[in-house]
Amino acid sequence: MYRIKFKIAIILGFTGLINFQSFAQNNWDVPADKKSKNSNIEFNSGTAKEGEGIYNTNCKSCHGDIGKNNSLQSLKPVPPDLSSAQSKALLDGELFHILNVGRGLMPSFKEVLPESDRWKVIAYMRSYDKDYVQIISKTDPAKANLVKIKMVFDSINSKLNVEVVANEKAGIVKLKNAEIALFVTRHFGKMQLDKTLRTDNNGNASFDFPKDLPGDKVGNVELIVRVNDEIYGEIESISKFKIAVPTDKPSLTEKRAMWNVLAKAPIWLILLYLSGVLLATGVILYIIYNLYKLSKSNNNLKN
Ligand code: HEC
């Protein structure tokens, strides 16, 4: 009896621990660059009203009515009332990230709602917080396609010089102090070359280009420059340059490649392999035959 009680105590202890963990997990760990993202839609009574409609169809079933603490209690963890102190403390960028990625029973809305709708739901949530002051993003998504990225390779100093400008109606604007990074396309994804830099007052940045970077047979590499500007947003430009070391990788059908699919193994190797397989099969059959003989003689003894 004592033992059973002990077991029950252990089981209860464990389930208690698991429950405790699922309650304790309210820390969302949003990456810094996602945290600082802001909406370029203004949160006002109009956008909040639109957000209310989006909330009622997509969120209410779990989170209940905002401010009424009537969320679906059968879920674990229980979805918080989105006007709770815990939710209010989250930054706009954090809320946006939570809507994008979800967690457990909280669905991801990235593919379900367009970006503007995701911000409008947040506008609706914020309409329940009297102390909230919005920081509007200066990024204008429509401006991204005005941006031109020019790349010039300086072979003497092995540098890739980049100039970032925007062709505004009023004239050419140089993008100052924009975050800029250089990548090279590899077989699986892309690899960053040099550090992430910032453009100078003339919209220029200069990357150290490795002298020993392998390219294709003739030395071509595909370079990607990614610019992140406060006003113009994120812009990416891809171009091919013949500035890497020509590298002759063996193709899949080439004779000397280990994974070659065309050339056959030498005949002696095939024979050696087959005789090995036959020998092993022979031994197994021999054992089975002997076991069979043994059981036969056992039967004879009984009779
Ligand atoms: C299927 C149920 C469900 C739906 C639908 C749902 N949520 Fe959630 N939501 C949850 C659960 C459960 C959590 C808690 C997740 C956790 O902490 O791991 C949560 C957490 C959140 C959080 C984090 C709050 C905090 O204080 O930690 C936000 C913000 C949020 N949801 C917003 C929304 C919005 C906005 C919608 C609609 C667009 C929505 N949710 C739709 C279940 C849901």
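**View A. The four-stranded open sheet of the predicted model.** Strands β5, β4, β7 and β8 build an open sheet in the order β5-β4-β7-β8, with antiparallel pairing. Strands here are DSSP runs of E with at least two residues, helices are DSSP runs of H or I with at least four residues, and both are numbered from the N terminus. Two strands are taken to pair if DSSP finds at least two bridges between them. At the edges lie β5 (190-198) and β8 (233-241), each of which pairs on one side only. From one strand to the next the twist averages 20°, where axes are lines fitted to C-alpha atoms (for helices over the stretch in contact) and angles run from 0 to 180 degrees between N-to-C directions. The model is predicted: local features need pLDDT of at least 70 and side-chain atom pairs count only at pLDDT 80 or more, while totals for chains, interfaces and linings use all residues. Residues are numbered from 1 along each chain as its sequence is written, and side-chain values use heavy atoms, with hydrogens and water left out.

View B. Strand β7 (residues 221-229) is joined to β8 by nine bridges, and the two run antiparallel. Within this pairing, E222 stands opposite K240 of β8, and V227 has I235 of β8 as its bridge partner.

**View C. The hairpin of β1 and β2.** Eight bridges pair strand β1 (residues 147-154) with strand β2 (residues 159-168) in the antiparallel sense. The bridge partner of I149 is V164 in β2. Four residues lie between the two strands of this hairpin, and S158 in the turn has a positive phi of about 50°.

**View D. The shell of residues around the ligand.** The ligand is surrounded by 22 residues, of which C59, C62, H63, S87 and M106 are the closest; a residue is counted as near if one of its heavy atoms lies within 4 Å. The shell comprises 16 nonpolar residues, five polar and one charged. In this division Ala, Val, Leu, Ile, Met, Phe, Trp, Tyr, Cys and Pro count as nonpolar, Asp, Glu, Lys and Arg as charged, and the others, Gly among them, as polar.

View E. A polar contact is a pair of N or O atoms within 3.5 Å. A polar side-chain atom of W28 lies 3.0 Å from an oxygen atom of the ligand. For Q86, a side-chain N or O atom is 2.8 Å from an oxygen atom of the ligand. H63 places a polar side-chain atom 2.8 Å from a nitrogen atom of the ligand. Two or more residues of the shell come from each of α4 (60-63), α5 (85-88) and α6 (92-101). Helix α6 provides the largest share, three residues.

**View F. The iron atom of the ligand.** H63 (NE2) and M106 (SD) are the protein donors of the iron atom, lying 2.0 to 2.1 Å from it. Donors are N, O and S atoms within 2.8 Å of the metal (3.2 Å for Na, K and Ca); water is not among the atoms, so sites may look incomplete. The arrangement is octahedral because the six donor atoms around the iron atom subtend angles of 88 to 179°. Six donors count as octahedral if opposite donors are over 155 degrees apart and all others between 65 and 115. H63 lies in helix α4 and M106 in the loop between α6 and α7 (115-126), so the pair ties together parts that are 43 residues apart in sequence.

Note on methods. A polar contact is a pair of N or O atoms within 3.5 Å; within protein, one must be able to donate a hydrogen and the other to accept it, and residues adjacent in sequence count only if both atoms are side-chain atoms. Four donors count as tetrahedral if all angles lie between 85 and 135 degrees; four count as square planar and six as octahedral if opposite donors are over 155 degrees apart and all others between 65 and 115; anything else is irregular.
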